[in-house]
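Please work through each task before reading its solution.

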Amino acid sequence: MVQSKYFNKEFNLILKLLFEKKQISKKLFKGYNYDKIISISSRHLMIPSLYVNLKKKKYDFYCPSDFVNYCKEIYLINKSRNLSLVNDVKEISQNLNKNQIDHTFIKGSAHLFFNLYHDIGERMIGDIDILVNEKQCYKAFEIIKKIGYEKSKKYNFFENQSRHLKRQIGSKKLFAVEIHKKIIDKNKLVKIDENSFLQKKIKVKSIYIPNTKDMCLNNIYSSQINDRNHFTLNYDLRNIYDTFLILNKIHSINIFQKNKVLDRYFYVCNKLGITDLKFYENNFDFKLEFRLFYKSRNKLLNKLDKIFFLELFLLKERPMQLKEYIYNQEYRKFINNKLIKKFIRNKKL
C-alpha cells in the first residue's frame, strides 16, 4: 500500500488516491482534515486529478460532499480551459507546419494529446510549450505573433542563456506560449540532444509530440534540472503523477540509462511510498535520508535547506548577475523593485 513515514495522514491519503491500485477501504476516509487535503492538492496543482480519481475509483461517496463539490468545481473550470487549449494548439500547429517549422509540443499540452489522462480536465496546464529547431526559433516566434500572441512585457535579461525565448501572450488567449530552443538548462549532470529529440517525434491527431521515452525524460529533467529539485530535494506531485502515467504506458522502467538525476528522482518517489516507480534497487543513502526526514518534519528547516542548496547551485550565476546589476540600469531597477515587493510581502506575513 502507498504509504510514507515522512508525511502527515492527509498527504498520505492523497498519495493513496493518486497512486494506489488496490481498492481503499471506506473506513480509511474517516478522521481527515479535508481542508488540509485541499490545501496540499492545490499547492501541487492536483485538485482536478484528485477529483477524477475519486470519481473513477468511486471514492467520492466516502468523502464529505462539500469537499467533493469544491474539487468538482475546480475540475470543471480546468476542463473548460483544456478544451480551449486543444483548439489553440491545433491553430499553432497548423501555422508552424504551413511554414515548415521543425517543432514538437512538449510537457502538458503534449501529454494531453498523447491521451495520458483518464479525462481531459485532469491536468492543470499553465503554458503551451514548444520545442523548435534552434535555427528556426525566431521565425516561429514571428509566426505565432501573427496569430495573436504578443511578446510579454516582463523582463528577460538573460535570454541568450535561457532555454526558451520570451513568453508570448494574447489578449484573447487563455494560455501563454513559450518557444524552447533547449529542453533543459545547461548543466553537468545530463545532456539532451534536441536535434535527436525532434527527429524521433511522433504525430498524434495531426500534432507533433515527443516519443514516449523522450516525453518521460523531458518530464523528469524539467523537474529535476529546470526546477532544481535535484539539488533542493523537493518534489512535485503533478510531475511524479505524469511520470507514473507515462511509465504505465511504457510498461517498463528499464529502457532508461541510469544516471544520478534519475537515481535521486526515483529515490524520492520510493520514499513517498510510490513503490511502482522503482527504477532499480536504491542503495540506502544516509545524507538523502537525513535531509528528507528533517525537511518533512520542520517547515523552517525545509526552507533553510532549500535556500542553502539553491544558492549553492546559483553561485556560478551571481558574477554575471552582479555585472548586469552594475551596468544595466533597467536590470538594477527590476531587481530593486523585486526586493522591495518581497520585503513588503514578508512584513505583512
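**Exercise 1.** Determine whether Glu289 is buried or exposed, and identify its salt-bridge partner.

*Solution.* Glu289 has a relative accessibility of 10% and therefore counts as buried (buried: under 20% relative accessible area; exposed: over 50%; partly exposed: in between; 1.4 Å probe, protein chains only). The model is predicted: local features need pLDDT of at least 70, side-chain atom pairs count only at pLDDT 80 or more, and totals for chains, interfaces and linings use all residues. Residues are numbered from 1 along each chain as its sequence is written, and side-chain values use heavy atoms, with hydrogens and water left out.

The partner of Glu289 is Lys271, at 3.4 Å from N to O (salt bridge: a side-chain nitrogen of Lys or Arg within 4 Å of a carboxyl oxygen of Asp or Glu). Because Lys271 lies in helix α11 (residues 260-271) and Glu289 in helix α12 (residues 286-297), the pair ties together parts that are 18 residues apart in sequence. Helices (H or I, at least four residues) and strands (E, at least two) are DSSP runs, numbered from the N terminus. Lys271 is partly exposed, at 25%.

**Exercise 2.** Locate the salt bridge of Arg167 and state which network includes this residue.

*Solution.* Arg167 pairs with Asp127, the closest N and O atoms being 2.7 Å apart. Arg167 lies in the loop between β3 (150-151) and β4 (168-169) and Asp127 in strand β2 (residues 127-132), so the bridge ties together parts 40 residues apart in sequence. Asp127 is buried, with a relative accessible area of 19%, whereas Arg167 is partly exposed, at 30%. Asp127, Arg167 and Glu178 are linked in a network of salt bridges. The count of salt bridges comes to 12.

**Exercise 3.** Describe the packing of α1 and α2.

*Solution.* Helix α1 (residues 9-19) packs on helix α2 (residues 34-43) at an angle of about 65°, with the axes 9 Å apart. Axes are lines fitted to C-alpha atoms, for helices over the stretch in contact, and angles run from 0 to 180 degrees between N-to-C directions. The contact (heavy atoms within 4.5 Å) involves Glu10, Phe11, Leu13 and Ile14 of α1, and Tyr34, Lys36, Ile37, Ile40 and Ser41 of α2.

**Exercise 4.** Where does Leu233 lie, and what is its phi?

*Solution.* Leu233 is found in the loop between α9 and α10 (237-250). Its phi is positive, about 65°, although Leu233 is not a glycine. Most residues other than glycine have a negative phi. Leu233 is buried, with a relative accessible area of 2%.
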